[in-house]
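The structure is shown below.

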Amino acid sequence: MSSRNSILDSLRQNVPPLAPLPAPINGINGIRYADPIKQFEETLTVAGGTLVRATAPQDLASALANIEVYASAAKVASLVPGIPSRNVDLSAIEDPHDLEGIDVAIIPGKFGVAENAAVWIPGETLTPHRAIFVITQHLILVVPASEIVDNLHQAYERIHWSPNSFGIFISGPSKTADIEQSLVIGAHGARSCTVILL
Amino acid sequence: MIGHAEKSAAFVANEDRAHWHDQSLWFVRAKRDRQASAIPEWEALREAASAIKTHTLSRLADYLEEFERKAIANGIQVHWARDAAEHNAIVHQILAGHGVTHLVKSKSMLTEECHLNPYLESHGIEVTDTDLGERIVQLRKEPPSHIVMPAIHLKREEIGELFHIELGTEKGASDPKYLTEAARGHLRSKFMGAQAGLTGVNFAVAETGGVVVCTNEGNADMGASLPRLHIACMGIEKLIPRARDLSVFLRLLARSGTGQPITGYTSHFNGPVRGGEMHVVIVDNGRSRILGQETFRRSLGCIRCGACMNTCPVYRRSGGYSYGYTVPGPIGSILAPQRDPEKYASLPFASSLCGSCTDVCPVKIDLHHQLLAFRKVLVDLKAVPLQKRLSMAVMGFVLSHPSLYRIGGGLMRAIVPRLPRSLVYGPWNPWGIQRELPPMPQESFRDLIQKEPS
């Protein structure tokens with residue numbers, strides 16, 4: 001017998017009585033905030049990130065210019081329409097290893113979650129190289145201010161799953177506390193994470 | 001067989017260090033409490049998580065089949081392994097088929113359980129653990145001492161010395177920021193040179209045929225997105241039915257484990273990277289047998305957050321290595337003897353049964369009840385030392401005969417205070433190794449009560 005069938009047989013022999021499947025988020029009244037953006041900002045700060053509030057899309061360029069890592073970056077890869085890349089031609093990169101050396105990546109986020117400062121990035125946003133968000137030295141996420149939900153239950157209601165896809169929640173920069181529980185920002189991925197709300 | 005008490009002796013002997021370890025973990029436990037109390041619906045979340053896991057386990061074979069079907073439709077190649085040996089052989093076969101000589105791994109307790117690293121290394125493949133804590137213990141040729149914080153037992157000076165020897169950092173440097181930066185550079189070169197990445201799995205979703213991996217460092221994403229080959233290894237119990245169920249578990253996982261509202265990166269892999277391959281290896285390795293045991297099956301609901309370790313007074317004061325198993329602490333003390341009751345017979349006794357583990361468990365596993373129940377199993381199996389079994393039998397007899405209990409108590413009160421210390425605290429009294437008997441009262445509680453005016 002194949003291992004597959006032997007495992008499934010063993011599971012069926014040992015199966016407990018059927019227990020009902022609760023309805024999703026059954027009985028859970030997910031937390032709501034009086035000011036979700038304020039909550040998002042506070043949580044992001046604790047997670048090591050920074051929030052920038054730009055009032056309108058046309059303010060994006062000036063908001064970016066005020067971000068030190070962007071202003072001083074030699075190589076900028078932008079996936080946000082209207083914001084140009086700098087010294088990087090993403091369409092010319094075949095092998096994701098060639099993304100190494102990018103200083104700043106600017107990536108649009110679909111929505112943010114106030115309770116945990118997570119920003120949802122669907123995989124198709126990252127085309128053609130999904131590694132861009134983690135290999136870059138610094139990360140700037142651009143999220144519509146109208147798209148901040150309170151909690152993760154609302155967040156998952158919004159996600160559409162297509163076959164063979166990728167998607168990620170990013171909450172702040174890369175970090176570790178593996179040495180004596182002291183928090184260090186910039187483990188493998190981005191050394192900083194700035195979220196710009198439009 | 002060397003048990004938990006013997007293994008923890010050296011750890012306990014260094015009082016300062018044991019205290020430091022205790023405080024480090026209590027700090028994490030306190031962070032968890034702050035997070036949990038900030039969520040008014042916390043208990044409803046735990047209820048929901050428990051119910052979803054109980055349901056999934058009652059239909060696990062069906063959900064695994066659904067997961068496999070959807071995963072294949074996503075372009076993922078699915079493999080099944082009955083045990084650790086088969087798991088290791090499958091992973092090696094995939095790597096060998098692609099001519100992989102350098103593999104980067106993110107955290108996977110399953111591959112620790114299967115001892116994958118030494119197996120691959122014996123076949124000439126260089127394996128690099130990329131989680132910082134895991135890399136530290138890998139360089140020290142040690143296993144992780146905690147499932148979420150693998151190097152929690154080490155001080156910064158020890159890591160500084162290790163990095164000085166292995167990575168060429170400055171002698172005597174122990175600043176965590178400096179050491180982390182050195183590891184970042186070292187591991188980035190490993191990421192750039194690896195032909196394959198292996199990750200664990202936090203959750204596998206039957207509905208989407210994809211897997212979810214949570215890290216703070218981003219190492220799983222480096223490993224799964226740079227090389228063209230991604231292998232994800234999962235135990236059969238990682239499955240949940242629907243993508244929306246993730247909201248329940250992700251709200252609980254990091255809050256319970258490290259006291260964060262969510263991990264930095266929560267990646268949903270529903271297919272291979274562009275132009276690459278993704279494989280999922282589904283492993284049983286004794287889990288289906290646990291499913292058949294009514295008393296212990298709820299232990300399969302564990303999401304490996306580590307909260308029960310952080311809160312356990314025994315784990316905090318004895319360290320992860322005292323358990324001698326991949327997963328230490330309360331949950332490990334239930335999982336390990338399932339695998340080998342003789343070898344791990346002491347673990348269910350490495351608990352005060354205070355119930356703190358059960359209180360913090362995000363999926364409401366009745367941990368301390370299971371620890372107690374396992375003691376009975378072990379006594380029935382005669383896996384417990386004769387001395388313990390005999391004293392239990394004597395106590396059982398005395399406690400079920402009230403007159404004998406009264407006479408025995410009276411004799412003890414009369415005789416014990418007159419005995420020389422060497423006789424009371426001899427090697428036949430392991431209870432007294434680090435404890436003192438209270439002073440013997442003149443009268444029993446019963447005597448006192450009878451004197452009270454009614």
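A residue is called buried if 20 or more other C-beta atoms lie within 10 Å of its own, exposed if 12 or fewer do, and partly exposed in between. The model under discussion is predicted.

## Chain A overall

The secondary structure of chain A consists of six helices and 11 strands. Along its principal axes, the C-alpha trace of this chain spans about 65 × 45 × 40 Å. Chain A has 198 residues, of which 47% count as buried. Among its contacts between residues at least 6 apart in sequence, 73% join residues at least 24 apart.

## The contact between chains A and B

The contact takes 65 residues from chain A and 78 residues from chain B. On the side of chain A that touches chain B, at least two residues each are supplied by helix H1 (3-13), helix H5 (132-135), helix H6 (152-158), strand E8 (165-170) and strand E9 of chain A. The largest share of that side, eight residues, comes from H1(A). By class, the side of chain A that touches chain B has 33 nonpolar, 24 polar and eight charged residues.

## Helix H10 of chain B

Helix H10 of chain B covers residues 176-193, 18 residues in total. From its first C-alpha to its last it reaches 26 Å, close to the 26 Å expected at 1.5 Å a residue. Its buried residues are Pro176(B), Leu179(B), Thr180(B), Ala183(B), Arg184(B), Leu187(B) and Phe191(B). Seen down the axis of H10(B), these buried residues fall within an arc of 145 degrees, so they line one face of the helix. An α-helix has 3.6 residues a turn, so residues three or four places apart point the same way. Gly185(B) and Ser189(B), on the other side of H10(B), are exposed.

The buried residues of H10(B) pack against elements of both chains. From chain A these are strand E9 (175-176) and strand E10 (184-185). From chain B they are strand E2 (102-105), helix H8 (132-139), helix H9 (156-167) and helix H11 (219-225).

## The pairing of H9 and H10 in chain B

Two packed helices are described by the angle between their axes and the distance between the axes. The axes of H9(B) and H10(B) come within 10 Å and cross at roughly 35 degrees, and the crossing is left-handed. On the H9(B) side, Arg156(B), Ile159(B), Gly160(B), Phe163(B) and Leu167(B) take part; they meet Pro176(B), Leu179(B), Ala182(B) and His186(B) in H10(B). By class, this contact has six nonpolar, two polar and one charged residues. Pro176(B) and Leu179(B) also belong to the buried residues of H10(B).

## Helix H2 of chain B

Helix H2 of chain B (residues 15-37) has 23 residues and should span 33 Å at 1.5 Å a residue; its end C-alpha atoms are 32 Å apart, which agrees. The buried residues of H2(B) are His21(B), Leu25(B), Val28(B), Arg32(B) and Gln35(B). What covers them includes helix H12 (245-257), helix H14 (307-311), helix H15 (313-318) and helix H17 (356-360) of chain B.

## Backbone features in loops

A cis peptide bond joins Thr127(A) and Pro128(A), with omega about 10 degrees. Pro128(A) is found in the loop between strand E5 (118-122) and H5 of chain A.

In chain B, His115(B) has a positive phi of about 55 degrees although it is not a glycine. His115(B) is placed in the loop between helix H6 (109-113) and helix H7 (116-122) of chain B, and it is partly exposed because 15 other C-beta atoms lie within 10 Å. Lys364(B), also a residue other than glycine, has a positive phi near 60 degrees. The loop between H17 and helix H18 (367-380) of chain B holds Lys364(B), which counts as partly exposed with 19 C-beta neighbours inside 10 Å.

## A buried and an exposed loop residue

Pro173(A) is found in the loop between E8 and E9 of chain A. With 23 other C-beta atoms within 10 Å, Pro173(A) is buried. Leaving aside neighbours within four places in sequence, its contacts include Gly48(A), Leu139(A), Ile185(A) and Cys193(A). Pro173(A) and Leu44(A) are 129 residues apart in sequence, and 9.5 Å apart in space, C-alpha to C-alpha.

Asn429(B) lies in the loop between helix H21 (421-424) and helix H22 (445-451) of chain B. Asn429(B) counts as exposed because it has 12 C-beta neighbours inside 10 Å. The C-alpha atoms of Asn429(B) and His19(B), 410 residues apart along the chain, are separated by 26 Å.

Methods. Residues are numbered from 1 along each chain as its sequence is written. Chains are lettered from A and ligands numbered from 1 in the order in which they are written. This is a predicted model: local features need pLDDT of at least 70, side-chain atom pairs count only at pLDDT 80 or more; totals for chains, interfaces and linings use all residues. Helices (H or I, at least four residues) and strands (E, at least two) are DSSP runs, numbered from the N terminus. The expected span of a helix is 1.5 Å times one less than its number of residues. The arc is that of the directions from the helix axis to the C-beta atoms. Two residues are in contact if their C-beta atoms, placed from the backbone, lie within 7 Å. Axes are lines fitted to C-alpha atoms, for helices over the stretch in contact, and angles run from 0 to 180 degrees between N-to-C directions. A crossing is left-handed if the near helix is turned anticlockwise from the far one by less than a right angle, and right-handed if clockwise. Ala, Val, Leu, Ile, Met, Phe, Trp, Tyr, Cys and Pro count as nonpolar, Asp, Glu, Lys and Arg as charged, and the others, Gly among them, as polar.
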